Amino acid sequence: MSIPSKLLPLPYCPPNPNTNPKFRFLNPKRPLYCQPKTLQIQCAKRTGKQRYPSEKKKLKLKHKALTHVNDKFQGIWRLSKLGVPLHLDPGKDFLDVSEGLLQEIAKVLKFPVASMLPPEAFLVVRKSFDARKVLKEPKFVYTVEMDVHKLLTLEPRTWDFISRLEPKVGLIEHIEHMRGSSGDLVSITRDYKINKSAESIKGESIYKEGSDDFPGSRRPKVAVVGSGPSGLFACLVLAELGVDVTIIERGQAVEQRGRDIGALMVRRILQLESNFCFGEGGAGTWSDGKLVTRIGRNSGSVLAVMKTLVHFGAPESILVDGKPHLGTDRLIPLLRNFRQHLESLGVTIRFGTKVDDLVVEDANVVGVEVSDSREKSEHNSQKLRYDAVVLAVGHSARDAYQMLLSHNMDLVPKDFAVGLRIEHPQELINSIQYSSLAAEVHKGRGKVPVADYKVVKYLQGEDGDTSFDSGATSRSCYSFCMCPGGQVVLTSTNPSEICINGMSFSRRASRWANAALVATVSSKDFGALNCDGPLAGVEFQREFERRAAMMGGGNFVVPVQTVTDFMENKLSVTSVPPSSYRLGVKAANLHELFPLHITKALQHSISMFDEELPGFISKDALLHGVETRTSSPIQIPRNSDTYESTSLRGLYPIGEGAGYAGGIVSAAVDGMYAGFAVAKSLGLYSGDIESILGKAQYGGWAKTKKNSRLGIDLNLQFIPGTYVISHIISGQILNIAFKSEG
């Protein structure tokens, strides 16, 4: 068989260092056969099934771009990546169609006079700020939907320009049908009931035919344990579909919870059951209220959650903002509205009530045993029977995990991350990110958003080098839950432990910026500290929280160290910079907190972050210890279709505490799908929720994304609460893990 000439080796031509500077390193005294050579390999084109996945994706996108549009004058056109220079844009708080945006739209349409385009024909669906230094000037980047019928009605002269419009992948997309104007969870469930009622008139019952589970008019009873995002959204679905729901919350309503947190911050009184972690709204209530997510920003499920939040009082800007957040001040009234709506549906809400145990009969959960969470008496418990129990306890309910183990439930230890929270002056972060543009921030009231950052680094030592890891040569470090214009707060649930987090209000007007800098830990790390068993991760967390409390000297004082001292492993005698943490800080050598391999990983990653953000290592930057509760340390196995526990029937573990979410939005999405699954098991729902909201994404899925700048494939695999990015370079696979949200 003859070999095509293009596959034959190319003749070797010695490189000339005088004409090609690439080869200036060559030694003219050495023979050419000893010189480094550049090997050129030409490969035949791969076709059909032999194509690499990345090639198939490119081809698919190319075909998608060439897909014929049936009718260009119907439906909508989505125009993406429209960049409006800062000086032509009204600013971050303006979400309508400005003159500058019309100019960019006119360029896409090739319409000669932008001022003739009617703003009413366009809808802004996404707006974000791009101030990367590679750009000539900062700009706001828009995604806009164009209503063709309305545009032609208001400006008929655009007909010819639309007729020449062609779709382009990622830039111009035609959508035949308008996106629904409703889409919030209340509307979705009520539309289903209306359709079901119409069917029942024709002789079909809303309940399962022949079912003896709920005879007569008795409604099924469900207990939802926990009132965080997953619990609230599961409850909303069930209540709207006719279930008799009781929310059992160990903490207090947001009004009383605010007073309890105030007592902690002013008088150092920690209420064990009502604090930054426990209470109405969950741990996210007193936080930054971030609504960013990596489970599909435009997916039906995420949009349903966002629109539901707007229904209960969130600003409509969260539907458009590229990095939406609420802030504690907006979350509190939103939760109050949410609660009032649930109560109007007949939901019973029991605050200050703790679930001490499950009532189990024949491996089936038939109820719960509860007590007053503030009452110390041993005689105040009572047993309540339910047809199903939804477990949405959050990642800090360690006693709940212990209770589940008493029933021989299968709990799987899960990787997470631990580290320190770093705090800079917000002006410094603004300057690093925006340079001369930093003056436009004005404590959250200027044209540009308060600057934030997100950094991820993968550390891999050489073979035999254990400086980064004990027993392995790799570890991932990343920033988590960055709070611009925020403050450091205490999230301990035990007075003998110190655990911290960050929070901010909607304007992000504080003079400080903080973020967690964490390193991934796994079962190898747990075992090195003699932590084993299903709750090894919990004990691992507790160990460092106790160490931090001892280093701080008690009374909730947090140990701190300047970044410059931490990098040099020393403790300066000078006083530390001011901190936003209100209960006091104490200078300490944080190298004594973690094992050496974790400390070195944090040190090395900080130096790498400084390369990316020059000025990150600063004498004004302060590290606080310790941050351990980045995600749940365990996962409770459940059926992927029914959401029912694989160990106990009638129990539905959901949300971040069960290991299936990583923030407000993903937890709400998980609770929403679980609510429909429970309703289906009770015979109250028979529809296909995936046809409305899309397929649930809580774990096990993967996708590949091409990084054009690096020229590599990024394989994204979602693990509950964590993303793992695999860099495939020269045959080596490098994993980077970071929190899915925050």
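# Terms and values in a predicted model

Reader: Why does R268 count as partly exposed?

Author: R268 has 29% relative accessibility. Buried means under 20% relative accessible area, exposed over 50%, and partly exposed in between (1.4 Å probe, protein chains only). The value for R268 lies in between, so R268 counts as partly exposed. This is a predicted model, in which local features need pLDDT of at least 70, side-chain atom pairs count only at pLDDT 80 or more, and totals for chains, interfaces and linings use all residues. Residues are numbered from 1 along each chain as its sequence is written, and side-chain values use heavy atoms, with hydrogens and water left out.

Reader: What is the phi of R268, and where is its place?

Author: R268 is not a glycine, yet its phi is positive, at about 60 degrees. Most residues other than glycine have a negative phi, and most peptide bonds are trans. R268 sits in the loop between α7 (254-267) and α8 (300-311). Helices (H or I, at least four residues) and strands (E, at least two) are DSSP runs, numbered from the N terminus.

Reader: Does N530 count as buried or exposed, and why?

Author: The relative accessibility of N530 is 71%, so N530 counts as exposed. N530, also a residue other than glycine, has a positive phi near 60 degrees. The loop that holds N530 runs between α12 (523-528) and α13 (536-552).

Reader: What makes the bond between G625 and V626 a cis peptide bond?

Author: Omega of the bond that joins G625 and V626 is about 15 degrees. V626 belongs to strand β21 (residues 622-627).

Reader: In which sheet does β21 lie, and what is the strand order?

Author: The order is β14-β15-β18-β13-β21-β19-β20, an open sheet of seven strands with mixed pairing. β14 (456-460) and β20 (585-587) are edge strands, as each pairs on one side only. On average, neighbouring strands of this sheet are turned by 30 degrees against each other, direction ignored. Axes are lines fitted to C-alpha atoms, for helices over the stretch in contact, and angles run from 0 to 180 degrees between N-to-C directions.

Reader: How do you know that β15 and β18 pair?

Author: Two strands pair if DSSP finds at least two bridges between them. Strand β15 (residues 474-483) and strand β18 (residues 512-521) have five bridges, so they pair, and the sense is antiparallel. F480 has A516 of β18 as its bridge partner.

Reader: What lies across β13 and β18?

Author: Helix α11 (residues 426-434) lies across β13 (416-425) and β18, and runs at about 95 degrees to β13. Its buried residues are Q426, I429, N430, I432 and Y434.

Reader: Which residues does the annotation "domain: FAD-binding" cover?

Author: In the unreviewed UniProt entry, that annotation covers residues 221-259. The span is 46% helix and 28% strand, and its end C-alpha atoms lie 32 Å apart.

Reader: Which residues touch the most other members of the largest nonpolar core?

Author: I105, F122 and F676 do, in a core of 159 residues. Helix α16 (residues 664-681) gives this core its largest share, eleven residues. A nonpolar core is a set of buried Ala, Val, Leu, Ile, Met, Phe, Trp, Tyr and Cys residues joined through side-chain atoms within 4.5 Å. A second, separate core has 25 residues, among them M409, L535, I636 and A658.

Reader: With which residues is I105 in contact?

Author: Leaving aside neighbours within four places in sequence, I105 is in contact (heavy atoms within 4.5 Å) with L79, L82, L117, F122 and V144.

Reader: What is the order of the three strands that form an open sheet?

Author: The order is β8-β9-β10, with antiparallel pairing. The edge strands are β8 (353-361) and β10 (382-385). β8 and strand β9 (residues 364-372) pair over eight bridges, and V359 stands opposite G367 in β9.

Technical notes. UniProt positions renumbered as here; feature names shortened; annotations may be inferred.
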